[in-house]
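Hi everyone, thanks for making time today.

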Amino acid sequence: MRIRHDNRSGSTRSHDLGSVDVALIGGGIMSATLASMLGELAPDWRVVVLEQADRLATESSDPWNNAGTGHSGFCELNYMPDPDDAAKPVEMARQFLLTRQWWSHLADRGAIKPDSFVHGTPHLSVVFGDDDRSYLQRRHRTMRRSPLFRDLQYSEDRDQIAAWAPLVMAGRADDETVTATRHAAGTDVDFGALTASLLAASGAHVLTGHEVTRIARRDDGVEISGRCDRRDFRVRARHIFVGAGGQALRMLQQAKAREVRGYGVLPVGAAFLRCSDPAVAAQHDGKVYGQAPIGAPPMSVPHLDHRTVDGLDHLMFGPYATFSTKLLKHGRLTDFFATLRPSNLWTVMSAGATNLSLVRFLVSELLASPRRRFRQLQRYYPTAHRDDWELIPAGQRAQLVTPGPRGIGVLQQGTELITTSDGDMSGLLGASPGASTAVPIMVDLLGRCFPDQWAAGWEAALNSAIPGLAVTEWTDEAVAQATASTAQSLGLAAASVGVMSTEALG
């Protein structure tokens with residue numbers, strides 16, 4: 001079914017949209033993933049998507065508001081600060097494999113076209129100096145003990161690294177120590193295009209230009225009120241999911257969801273340098289992640305990425321931190337202050353006080369000159385030409401802060417799914433790598449919020465569509481089978497391991 005948009009302006013009278021089974025607030029990848037599952041599991045249900053903007057995926061899911069990395073733990077060094085503990089990368093790899101299986105299921109049915117949103121792109125980690133070489137060597141040894149990372153390549157050989165990432169090595173000093181790992185089965189994902197595809201296949205009723213202003217919980221469900229141009233609207237739902245990015249916390253607070261009491265957010269913005277010269281982009285096939293500078297927070301990991309958007313190839317480098325009190329790129333300067341409550345004020349203030357490295361990093365980034373920003377790019381691309389690059393604003397992120405011991409705010413990496421005790425509301429808080437883990441998050445949501453339907457057949461249907469959900473131990477055979485089958489369904493070239501250093505394989 002085609003997406004139906006309704007953003008008509010007109011009279012000032014109130015418009016009652018009636019009752020629906022599920023209302024999804026926000027037209028990004030999270031709502032789209034949930035809608036795609038409901039479209040299969042409950043095709044008779046009425047599902048509505050309410051998006052404030054005049055089109056879908058204008059915030060974090062927009063391809064220029066993120067790096068497009070299908071996060072598998074292959075290259076993200078901030079997931080593994082301890083080179084002897086691969087727990088988080090293993091979990092990331094597992095979750096993204098489940099995501100690939102859902103996409104593959106839809107592709108096999110002809111519901112989505114993979115070449116419109118996903119492309120095979122090797123994932124690399126590149127570090128400099130002897131200390132980081134030792135770290136990467138230990139990380140590689142640890143990761144390869146898991147079947148999910150058995151094909152992770154390692155090299156200290158400059159010629160091999162140059163073959164993997166020519167722009168990284170060209171013009172680099174001969175005496176500089178460079179070390180790299182590479183996984184051939186990485187991906188580049190246009191989450192904006194994927195969002196549109198999933199919603200088109202779901203049969204959900206999509207209403208753009210509809211701003212939600214009020215959520216009221218009632219005995220028989222939830223009532224949502226809002227504005228579309230000069231026209232008021234309201235809709236009643238048995239369940240609502242709040243996938244509104246940085247605005248999710250405020251909406252859950254407004255609905256008096258006790259589960260978010262004491263929670264807060266800190267706004268963090270970003271910008272990227274982008275090169276759209278096809279001759280330059282053709283020389284870099286991969287996503288190269290490095291180490292964050294000493295004292296910088298994990299979210300500041302620099303990376304040089306090959307991107308494919310609307311069929312055209314680009315390079316992006318960043319992120320460069322920016323600051324605004326907006327919680328959405330197209331939000332209001334009052335957004336952050338609207339989330340402050342007596343119950344979370346200490347949580348937010350103490351989080352800032354106990355994360356001074358983040359504060360210092362943000363200040364230094366804000367004061368950085370264009371020349372300094374470009375030097376950071378040249379650390380990974382020494383021969384880059386300034387005229388080939390433009391600075392583009394990326395999305396705003398609402399970094400989640402939760403109350404820890406004595407109520408002191410703890411800055412959380414990743415996302416947290418919130419479900420109310422009565423099951424009538426759910427929402428997602430936090431930031432990256434949310435898009436890459438949307439499928440397992442929504443599977444979790446369905447099991448928690450719809451227990452009767454889950455037991456009556458939804459679990460079995462999803463286990464059939466996503467076989468990895470039933471896997472208790474990922475063996476070499478299971479990983480190989482899942483990777484190969486999803487690669488075939490998604491039109492990705494089968495990953496093949498090339499030359500690998502024999503060092504650090506023990």
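Let's begin at helix 11, where the buried residues pack against strand 15 (312–322), helix 12 (370–380) and strand 18 (409–411). Before I go on, please keep in mind that this is a predicted model.

Which residues of helix 11 are the buried ones? They are Leu358, Phe361, Leu362 and Glu365. Looking down the axis of helix 11, you find these buried residues within an arc of 100 degrees, so they line one face of the helix. Arg360 and Leu367, on the other side of helix 11, are exposed.

Now over to helix 2, residues 87–108. Here 16 of the 22 residues are buried, so helix 2 is largely enclosed by the rest of the structure. Just after helix 2 comes glycine 110, with a positive phi of about 80 degrees.

Finally, the nonpolar cores. The largest has 68 residues, and Trp102, Trp103, Leu446, Trp458 and Ile466 have the most contacts inside it. What does tryptophan 103 touch, leaving aside its neighbours within four places in sequence? Its contacts are Phe96, Ile112, Phe117, Val118, Val189, Phe191, Leu194 and Leu490. There is also a second, separate core of 33 residues, including Leu207, Ile215, Leu249 and Ile418.

Technical notes. Residues are numbered from 1 along each chain as its sequence is written. This is a predicted model: local features need pLDDT of at least 70, side-chain atom pairs count only at pLDDT 80 or more; totals for chains, interfaces and linings use all residues. Side-chain values use heavy atoms; hydrogens and water are left out. A nonpolar core is a set of buried Ala, Val, Leu, Ile, Met, Phe, Trp, Tyr and Cys residues joined through side-chain atoms within 4.5 Å. Buried means under 20% relative accessible area, exposed over 50%, partly exposed in between (1.4 Å probe, protein chains only). Contact means heavy atoms within 4.5 Å. Helices (H or I, at least four residues) and strands (E, at least two) are DSSP runs, numbered from the N terminus. The expected span of a helix is 1.5 Å times one less than its number of residues. The arc is that of the directions from the helix axis to the C-beta atoms.
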